[in-house]
Amino acid sequence: MNTSSPLYGKTFYWLGSSVTLGMRSQNQAVPDFLAARNGCVCKKEAVSGTTLFDAEKKGQPSYVSRLKSTTEFDKGADID
């Protein structure tokens, strides 16, 4: 772990899809790598197949609807 990293001790939230989740890399993606390498906290809200378009009416999850409803992120937290 790089304790001299400018990311050390900081907290980041990641909203994404299968890439953020790490579907093809045994659930290890960029957020996981950054956290392990730089000593930061990376919280992920990631769902495979998510669309950018807010299609709540069609029953498909979108980034907008997930950001509004997630309990993974503390919306009152001081994040970096």
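1. Let's start with Thr20, which is buried at a relative accessible area of 13%. Here buried means under 20% relative accessible area, exposed means over 50%, and partly exposed is in between (1.4 Å probe, protein chains only). Thr20 sits in helix α1, residues 18-21. Leaving aside residues up to four places away in sequence, Thr20 touches Trp14, Leu15, Ala29, Pro31, Lys44 and Ala46; a contact is a pair of heavy atoms within 4.5 Å.

2. A word on what you are looking at: this is a predicted model, in which local features need pLDDT of at least 70 and side-chain atom pairs count only at pLDDT 80 or more, while totals for chains, interfaces and linings use all residues. Residues are numbered from 1 along each chain as its sequence is written, and side-chain values use heavy atoms, with hydrogens and water left out.

3. Now the overall layout. The protein has 3 helices and 2 strands, arranged along the sequence as β-α-α-β-α. Helices (H or I, at least four residues) and strands (E, at least two) are DSSP runs, numbered from the N terminus.

4. Lys44, one of the residues touched by Thr20, also forms a salt bridge with the side chain of Asp32, at 2.8 Å from N to O. Asp32 belongs to helix α2 (residues 30-38) and Lys44 to strand β2 (residues 41-46), so the pair ties together parts that are 12 residues apart in sequence. The structure holds 1 salt bridge, meaning a side-chain nitrogen of Lys or Arg within 4 Å of a carboxyl oxygen of Asp or Glu.

5. Next, the rings. There is 1 aromatic pair in the structure: Tyr13 and Phe73 are stacked, 4.3 Å centre to centre with 5° between the planes. This pair links distant parts of the chain, with Tyr13 in strand β1 and Phe73 in the segment after α3 (63-69), 60 residues apart. Rings of Phe, Tyr and Trp (its six-membered ring) pair if their centres lie within 6.5 Å; planes under 30 degrees apart count as stacked, over 60 as edge-to-face and the rest as tilted. Phe73 is buried at 7% relative accessibility, whereas Tyr13 is partly exposed at 22%.

6. Do look at Ser5 too, in the segment before β1 (11-16). Ser5 is buried, with a relative accessible area of 9%. A polar atom of the Ser5 side chain lies 3.0 Å from the backbone nitrogen of Leu7.

7. Finally, the totals: 28% of the 80 residues count as buried. Among contacts between residues at least 6 apart in sequence, 60% join residues at least 24 apart.

Terms used
A polar contact is a pair of N or O atoms within 3.5 Å; within protein, one must be able to donate a hydrogen and the other to accept it, and residues adjacent in sequence count only if both atoms are side-chain atoms.
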